[in-house]
Every structure is written in C-alpha cells, then in structure tokens.
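Hi there,

Here is the structure I promised to pass on. My notes on it follow below; have a look at the coordinates first, if you like.

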Amino acid sequence: MAEVVFVHGIGPLEEPAEELHTAWVAALAGSLRNAEETEAADALEDGRISTAMAYYRDLFRPYTPRDEWDQPLPEAMTDTARRVGQDFIENIEAHASRPEDREEAARELTPFREDLGPEQGVFEVFRVMVGSLGRCGPVARSVFGALKATIVTNLAQVAAYLDDERIREQAQEALLAEIGPETRAVYAHSLGTVVAYEALHRLREPLPLLVTFGSPLGLRTIVRERLRPQPPHVPGMLQRWVNVADRDDYIVASLDLRKVVTDDSPEVLGETLVVRNRGLDAHPAVKYLGHKRTARPLAQALRPCPDRARGGRPHGAAE
C-alpha cells in the first residue's frame, strides 16, 4: 500500500508496470519542482513518499489484436468499441481548440455518420474515419495521425473493460490492493479514471485526493450510461477531486465533470483545470503530469490534514 497510487489507462501490453511507474514519478516530481514544491519533489524521487502503480493492462491480452486487421472481439464488444470510437470523434468536433477545425471536422463527419454502421465492423469504420479526418485541419490531422496506429488496441481495451466482468473486477481490485490508511492521493489517467471512479465507491476509509486526467468519464453513449453506480456521483469517502483536461485530447468527453457527476457536496469536485499538452498527441499521461497545475494538488494533499483523522469527508457522511 502506498501514499500515492497511480492508475494507468489504455496502452501497449509491452509497456510494463515498472516502466510506467518510473515515468510517472519522474514527470510528477519534475512538475512539483517547477511549482516550487521542492521538498515534495525530493521525497517523491527518493522514495520517502511511497508510490505504486495499480497495473491491470495484462488482463487485456485475450482481446489484443495481433495486427491492424485482426479483430479478436466478439460481436457485442465490437459494437461497444465502435460506439466509443464515435464518441472520440465527436469530442474533437465539440471542443477542438480552433473553431475552423471544429467546423471542418463536422463537415467531414456528416457522411461518416450517414454511411457507416456497426454491420461494417469497428476497424473498417475507423479506417474510413482516419482517411476522412485526414482532410481536416491540423488538430484533426495530428490527432488521427497519432491515433491510427493504436486505435484497434485502444478501443479493444475500453470494450473489454466495459463488457468483461472478470476484467472489470480484477482491474478495480488491482487499485484497491494499493490503497490503505496511509494513501493520500490517487492519480488516474484515461480508462484508469473509469476504474478509479468505480473502485473508489467501494472504499471504507477516507481518501484525501483523486486527480483524474485525460478522462473519458463523460462519454455520452457508453461510459456515462454504464458507470457503476448510477447516476454518476462522487464516491462517498473522497474528500477532493481535481480533473485535468486538454481540449485537443480526443478521449476527453467533457471539460467540466460537474456536468456529468452529480453530488450534494459540490466543493469536492472542483472545476476542471484546462491545460495545453505539447506535440501531436495530447493524450499521454506524462504530458498531463508535466504540468504544474496537475502536481500542485498533490503537494497540498501531502501537507498535514486534520480532517483526515475525523474520517470521511470533512463536510458530510460517507455512502
């Protein structure tokens, strides 16, 4: 069990837990140092603050394509993947940073929505989609250039988590096994934010901080409808939730999770911190962790907190 627990998202199976963990610690420590939180940065790097990566990516191996043309998903999962993928595209149309990119994406998506359906298969849909958005502005082109090589694997992992109960349970257990009374923060990325949302509802002790980044929690057609529990609401033992998003991150469905997650204690979930990640792909975890805005909540959580000793939220009861 660790003071800071990381939860990864979708990605290649060959990226092991140790490699992910090392990269996240380095990125977060660097951001703490840039935020002039030197003591916390040093303690994170030298291990005085214990950290752990809740790793579950190996669970996806049965559903991982061998190549671009392999389709190892059963029919129900294929439809899930297709619908999630369409949400990704609509996210770009909704909140790409440049208005001209949004307008161009909308024009290109019209024939996509009309002409392609689930009977054609998720991977054929995305081959057409990549070609269509290749004609759009620079945001769409750069995102889908980065997305093309990994879209099959990424969508398969999302569909597997949502549709395979064994994977869903074991992924949550991987996180809960790393959380104890000493845990001060959980940092979750991408699909890991869905894992964290569901798992943290099972906590029986207070958690001072959850930071989500690159989160698909607001996906309209799939994730938002299938989150557990429903309706989506803040876990009862969570004391603070900070969300971080880049508007050019194709997986981010909502720039304000307060529109998605209901709560009778709205101060727990503050507004989303909007950042600008560099490079062609805005989604990688280390890019989010490289921002001072992502790191500062951790420095605050590591300081003495009298409310934690009283248990639960400082302002209300647990579920």
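Predicted model: local features only at pLDDT ≥ 70, side-chain atom pairs only at ≥ 80, totals over all residues.

Which residues point one way from β4, and which point the other way? L209, V211 and F213 take one direction, while L210 and T212 take the other, and all are buried.

β4 has a partner strand in β3 and another in β5. With β3 it runs parallel, joined by five bridges, and Y187 stands opposite V211. The link to β5 is parallel too, with four bridges; there, L210 has W241 as its bridge partner. Between β3 and β4 in the β-α-β unit comes helix α9 (residues 191-200), and the unit is right-handed.

The other element I looked at is helix α12, which spans residues 292-302. Its buried residues are T294, A295, P297, L298, A299 and A301. They pack against β4 (209-213) as well as β1 (4-7), β3 (185-189), β5 (241-245) and the helices α1 (17-34) and α11 (285-289).

For the whole protein chain, the secondary structure comes to 13 helices and six strands. The chain has 319 residues, and 57% of them count as buried. Of the contacts between residues at least 6 apart in sequence, 78% join residues at least 24 apart.

Best wishes

Terms used. Residues numbered from 1 in each chain as written. Heavy atoms only, no water. Helix = DSSP H or I, 4+ residues; strand = E, 2+ residues; numbered from the N terminus. Buried < 20%, exposed > 50% of the residue type's maximum accessible area, 1.4 Å probe, protein only. Contact = heavy atoms within 4.5 Å. Pairing = 2+ DSSP bridges. Right-handed = clockwise from strand over helix to strand, strands pointing away.
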